[in-house]
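Here is a quick tour for anyone meeting this structure for the first time. Have a look at the model, then read on.

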Amino acid sequence: MHLILFLIFAGFCLAGAVNLLLQTHPINSALSLIVVMSSLAVLYLLLGAEFLAIAQIIVYAGAVMVLFTFVVMLLNVGEEEKTHGSKVAKIVGFPAIFVFFSVITTVLLEAQRRLDMLKMGGIQLSDAMTTIRELSQVLFTDMLLPFELTSVLILIAILGAVALARKEGHS
Amino acid sequence: MHSSLWNDIPSFWYLILSALLFSLGVVGFLIKRTLITVFMSIELMLNAVNLSFVTFAHDWHQVKGQIFVFFVMMVAAAEAAVGLAIIISIYRSRATLNVDQIDLMKL
């Protein structure tokens, strides 16, 4: 069951990400990114992070991507111009990205293998699912100051966005 | 039954998927020509990193990994708002989103 769900949604994820690269029109890329983010929400659920799965759908697939599609439509962005990349870029690029991928995979798997042996302190999760109660207990006690700082950050971001997007000449 | 249902995927599959998504994000960042698609590739990379955070949190039964993802999401939302505002003001002043033509800071 878990395996089937993983294979389906990991496939959706990769297909969406590849489609994002292949599409020339930004609105198609935005829609593929929504597919990627929604499938990631299912994968979070498989990993037992129910709150993050919901937050992923609301914040990413909802708010952020609506903002993206809104801007694409507002600016009426057309298809991107085809530039035939130089031959050197193609010859160097494919091996380079493969090497890059191998390096991060090795680092991640090595980190997993090494740190598996460490005994981690702190609050342990009870079982497969992390409930919102466990998450919020840590968030509102140990992490209270970062949490409050995030709200200040978002306030500043709102002000910055308004200041940047405002038409020149109005004060 | 319950535990086998939840534990029969080795978590390195998730890590490999995360590395693949991150690499695709890097490729998109390098090859795309529209500013807004370049920005989308950055979001893809952020999501890939979030996936590895959640995987490690699941592996070690640590709640802090999930909290970190929560903060990354909030910062990414703020970043998207400011970034798209910058894109709008660039479009106002230059009437293009082609990254080859937005080269004021190029040496």
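A word on the ground rules: residues are numbered from 1 along each chain as its sequence is written, and chains are lettered from A and ligands numbered from 1 in the order in which they are written. Since the model is predicted, local features need pLDDT of at least 70 and side-chain atom pairs count only at pLDDT 80 or more, while totals for chains, interfaces and linings use all residues.

## Overall build

Chain A has six helices and zero strands (DSSP runs numbered from the N terminus, with H or I of at least four residues for helices and E of at least two for strands). Its C-alpha atoms fill a box of roughly 55 × 50 × 30 Å along the principal axes. Buried residues, meaning those with 20 or more other C-beta atoms within 10 Å of their own, C-beta atoms being placed from the backbone, make up 24% of the 171 residues in chain A.

Take α6(A), residues 144-165: this helix has 22 residues and reaches 32 Å from its first C-alpha to its last, close to the 32 Å expected at 1.5 Å a residue (that is, 1.5 Å times one less than the number of residues). α6(A) is hardly covered, with two buried residues among its 22.

## Where the chains meet

## The largest nonpolar core

This core holds 62 residues, and among those touching the most other members are A:Leu43 and B:Leu21. (A nonpolar core is a set of buried Ala, Val, Leu, Ile, Met, Phe, Trp, Tyr and Cys residues joined through C-beta atoms within 7 Å.) α3(B) gives the most to this core, with 11 residues.

Leaving out residues up to four places away in sequence, B:Leu21 touches residues including A:Cys13, A:Ala17 and B:Leu44.

Key: Buried ≥ 20, exposed ≤ 12 C-beta atoms within 10 Å, placed from the backbone. Contact = placed C-beta atoms within 7 Å.
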